[in-house]
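Morning, everyone. Please bring up the sequence and the structure. I'll walk through a few spots.

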Amino acid sequence: MKRRVVITGMGICAPNGIGLSAFRRAMFQGVSGLRHLPELEALGFRCQVGGLPQVSEEHLNKYFTKIDLRGLLSTGLIYGTLAGMEAWADAELPLADPENPDWDSGIIFGTSILGVDKFRESMLKIDAGNVRRLGSTAVPQTMSSGISAFLGGKIGCGNQVSSNSSACSTGTEAILMGMDRIQSGKAERMLAGSCGDSGPYVWGGFDAMRVVPSTFNQTPERASRPLSATASGFVPSSGAGALVLESLDSALKRNAPIYAEVLGGATNCGGQRSGGSMTASNGKAVQRCISDALKIAGVASGEVDVINGHLTATSRDSEEVLNWTEALGLKGAEFPYLNSFKDVLGHGLSASGSMECVAAVLQFAENKIIGNRNAKDLHREISRLIDPEKVPTENVQVAPNVIAKASLGFGDVNACVIFKRFDRDSHEKH
C-alpha cells in the first residue's frame, strides 16, 4: 500500500511577492507582478513587459552568507534558495547538524536554464584570455543541478538530491517525483520545486519567436491575458516555488502544519505526433495525462472543484480547455471552476509550475477560488465549451476540496497533479 503524502511547508519568490505572506496577499487581491522593463526597451525587444521578483538586501542576507554573495550572479539560484529555505522553515523542520546529514530528507528542485549571467561573464573573461579570473563559483552556478546542490548543502539533506528539467512542466513534475519517492518508502520528506533565471538572455528567444505581446508595453498589468479573446502572447517572467512533501505518518508524528494532501498525478509526452511539436502540445497526450492523473489519484471527474491550467495567454488556450472537457467528460455548467495565475505572475517558464502550485494550494486555506483578472472578454471558443461563470473574473467564495493543476512544456511534455484538502479532525476520528 502506497504511503499518503502531504504538504507541510511552502515557499515562494514571485514577481508579485517574495515570501508566503506577501504572495498570499497579492494573489487574493489580484496584484500584478508584471512591469515595463526599460532594459528590454533599450535592447529593442517587441515585448518590454516582464515579471521580476523584487529581491532586496534583506531577502539576500536572510539565507546567504557574505561568501555566498561575493560571486553570486545567477538569479535562478537566488530565487530558488529564497523559496526553498522558506519552505523548509515553514514546515518547522530543522537544518541537519554539522556532522550528520538528514538521511530521510531529499530534494528534487528543477530548472531549465541556470546561470545565464555567469555564462556570459565566463565567456567574456575567457575570450579576453582571463580564464584564471573565473573564480571558484562558475561551475556550481552554471551546472543544471546547481540549485538542488546548493539547497542540499544549506539544509544538510542526505537522501536523493537532484534537479529535473522538463521546460514549463518542470515544477509540477518535481512535485510528482518527490511524491513517488515518499510513497515508495525511500524518503520521509522531499523538498520539491523549481526556479528559472530572468532577463533578456533568457527571454530573447521568445521575443524572436513572436509569441509574446507587443501592444501592452505601457499597460503592463493588462499584458498577460489567459482565456481572453484579446490574448496576444505570454509575458515572460521568473521566480521560484517550493513545497515540502512529507509522509502523512511523519507529519502527524511531529504535529506539523498540513496545507493539503497530494493524491497523485501523471506525466507523459505526446511524442510530437498528432499535431504535437517542439512548441505545441499533442491534444491526445494532454487528455491522457489528465485522465491518468485522476485515475492514479482515485478521483472522479465530478469531484474536481477547480482546475488551474497551464493557460499561457496564447491561441492555444481554447485548445487546452477543449482537452480538459474531453478528459473530464464535462462541459457547460458541469465543468469545474477554471483559473490561470499567469495574468498576475506572467509565464515563469521552468518556475511556472511550482509557483502556480503554491498559489493553487493556498486556495484551500483561504476557502476561495482566485479569479481571472484579465479574462473579462472570455474567448468565444471557450464560452462555447464551458459556462462563462466557471471562469470567474473575481475571487469566488467557494471552499474547494479537490484541485487539479496541469503544466505543459516545450518538447510536448505534460504533467498533472491532484491536490486535496486535508481534514486533520476527520482523519483523527478515523
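Let's begin with F410: does this residue count as buried, exposed or partly exposed? F410 counts as partly exposed, because its relative accessibility is 32%. Buried means under 20% relative accessible area, exposed means over 50%, and partly exposed is in between, with a 1.4 Å probe and protein chains only.

A word on the source. This is a predicted model, where local features need pLDDT of at least 70 and side-chain atom pairs count only at pLDDT 80 or more, while totals for chains, interfaces and linings use all residues. Residues are numbered from 1 along each chain as its sequence is written, and side-chain values use heavy atoms, leaving out hydrogens and water.

Now the aromatics. A search of the whole structure gives three aromatic pairs. Rings of Phe, Tyr and Trp (its six-membered ring) pair if their centres lie within 6.5 Å; planes under 30 degrees apart are stacked, over 60 edge-to-face, and the rest tilted. Take F206 and F234. Their ring centres are 5.3 Å apart and the planes are at 70°, so this pair is edge-to-face. It links distant parts of the chain: F206 is in helix α10 (residues 200–209), and F234 is in the loop between α10 and β8 (239–247), 28 residues apart. Helices (H or I, at least four residues) and strands (E, at least two) are DSSP runs, numbered from the N terminus.

F206 also pairs with F410. Here the centres are 6.1 Å apart and the planes at 65°, so this pair is edge-to-face too. F410 is in the loop between β12 (402–409) and β13 (413–420), 204 residues from F206. F206 is buried, at 16% relative accessible area. F234 is buried as well. Ring pairs join F206, F234 and F410 into a cluster.

Next, a charge and a ring. The charged end of K390 sits over the ring of Y337, 5.5 Å from its centre. That takes NZ of Lys or CZ of Arg within 6 Å of the ring centre and within 35 degrees of the ring normal.

Last stop: S281. Where is it? S281 lies in the loop between β9 (260–269) and α12 (283–297). S281 is buried, with a relative accessible area of 15%. Not counting residues up to four places away in sequence, S281 touches G275, G276, V286, R316, E319, L408, D412 and N414. Contact means heavy atoms within 4.5 Å.
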